[in-house]
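Please open the structure in your viewer and keep the selection panel at hand. The tour below moves from one selection to the next and says what is found at each stop.

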Amino acid sequence: AVARYFRGLADEPHPTHGVAIGKAAADMMEGALDVLGDGLREALVITKHGHAIAGSRARVIESAHPLPDASCLRAGVELSKFITQAPRDARLLVMISGGASALVEHLAQGLDASFMARVNGWLLSSGLSIGPMNRIRKRISQIKGGRLALAIDARQTLLLMISDVPQDDAKVIGSGPLSFHTKADIDVSDLALPAWLASATANVPPLAPAAAFD
């Protein structure tokens, strides 16, 4: 599907730097590389352990899923570095598939891997649907909930997503790292959270302003 998309772009400018995140990330990146070739100068894949493709030109980072651990935080650091170190005139390609929420994270200040594991362990046993789960995740993240746009800054960006959620809501896929969010989108006042989690979600990293998505 990714290769077919790029074959249909005709003479439009192609991305020069690409990152793919999710369980299908390696396959998505191979589809891009099949068409873009060396025109995609830098390629980064963040995927689940065992989901890499041997012989790929892309740099691959494997992390934990469905229960995140420190590897997911390391992936978050590498994602931020990949984007911020791209030239200002780079044309970015960001591809997201299922599993992205767990596979990469940059937590709010003061939170660590053990806290992240506790949160996700609670979420997976809570019975909550993906929407409420992601609202909680977005309140403790510096990349989810559209905040990745702050790192991208003014770089031209193409976002391709494989939806694994009802109604294909871009704010829910991968916790919407490049979708504009308002405070209402991360509200958890309707959820019964344990005291330790309610306390941690009280101090929310700033959301990216609408102008960040221009």
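What follows is a walk through a predicted model, taken stop by stop.

**Helix α3**

Begin by selecting residues 70–84, which form helix α3. At 1.5 Å a residue, its 15 residues should span 21 Å, and the end C-alpha atoms are 22 Å apart, which agrees. Next, colour the buried residues of this helix, which are S71, C72, L73, A75, G76, E78, L79, S80, F82 and I83. An α-helix has 3.6 residues a turn, so residues three or four places apart point the same way.

Two of these residues deserve a selection of their own. S80, in helix α3, has a relative accessibility of 19% and therefore counts as buried, the cut-off being under 20%. Leaving aside neighbours within four places in sequence, S80 is in contact with H106 and I143. F82, also found in helix α3, is buried with a relative accessible area of 15%. With neighbours within four places again left aside, F82 is in contact with H17, G18, V19, E42, A43 and L44.

**The nonpolar cores**

Which residues have the most contacts inside the largest nonpolar core? Select V19, I21, I46, L79, I83, V104 and L148, which have the most contacts inside this core of 27 residues. The elements that each supply at least two residues of the core are β1 (17–21), β2 (42–48), α3, β4 (91–96), α4 and α7. A second, separate core has 18 residues, including L36, A43, L93 and L160. In soluble globular proteins, nonpolar side chains tend to be buried together.

Centre the view on V19, which, apart from neighbours within four places in sequence, is in contact with M29, L44, L79, F82, L93, V94 and M95. From there, go to T16, in the loop between α1 (2–7) and β1. Although T16 lies in a loop, it is buried, with a relative accessible area of 5%. Not counting residues up to four places away in sequence, T16 touches G39, L40, R41, E42, A90 and R91.

**The largest pocket**

Rolling a probe the size of a water molecule over the atoms shows where empty space is left. The largest pocket holds about 280 Å³ of space. To find it, select I152, D153, R155, A212 and F213, which are the closest to its centre among the 14 residues that line it. Both α7 (148–152) and β5 (156–161) supply at least two residues of this lining, and by class the lining has 9 nonpolar, 2 polar and 3 charged residues.

**The second largest pocket and helix α6**

Now move to the second largest pocket, with a volume of about 210 Å³. Of the 18 residues that line it, G99, S101, I130, R137 and D164 lie nearest its centre. The elements giving two or more residues to this lining are α4 (100–103) and α6 (130–139), and α6 gives the most, with 4 residues. By class, the lining has 9 nonpolar, 7 polar and 2 charged residues.

Select α6 next, a helix that is mostly covered, with 8 of its 10 residues buried. Those buried residues are P132, M133, N134, R135, I136, R137, K138 and R139, and they pack against α4, α5 (113–126) and α8.

D164, by contrast, is found in the loop between β5 and α8 (195–200). Leaving aside neighbours within four places in sequence, D164 is in contact with G98 and G99. The C-alpha atoms of D164 and G99 are separated by 9.1 Å, while the two residues are 65 residues apart along the chain.

**Backbone stops**

Stay in the loop between β5 and α8 and select Q167, a residue other than glycine with a positive phi of about 65°. At 73% relative accessibility, Q167 counts as exposed. D168 belongs to the loop between β5 and α8 as well, and its phi is near 50°, again a positive value in a residue other than glycine. D168 counts as exposed too, at 54% relative accessibility.

Finish at P66, in the loop between β3 (59–63) and α3, where a cis peptide bond with omega of about 5° joins H65 and P66.

Methods:
Residues numbered from 1 in each chain as written. Predicted model: local features only at pLDDT ≥ 70, side-chain atom pairs only at ≥ 80, totals over all residues. Heavy atoms only, no water. Expected span 1.5 Å × (residues − 1). Buried < 20%, exposed > 50% of the residue type's maximum accessible area, 1.4 Å probe, protein only. 1 Å grid on protein atoms, 1.4 Å probe; cavity = no way out; pocket = protein on both sides within 12 Å on 5 of 7 lines; lining within 4 Å. Points joined across faces, edges and corners; volume = space filled by probe spheres on them. Nonpolar A, V, L, I, M, F, W, Y, C, P; charged D, E, K, R; others polar. Contact = heavy atoms within 4.5 Å. Core = buried A, V, L, I, M, F, W, Y, C linked by side-chain atoms within 4.5 Å.
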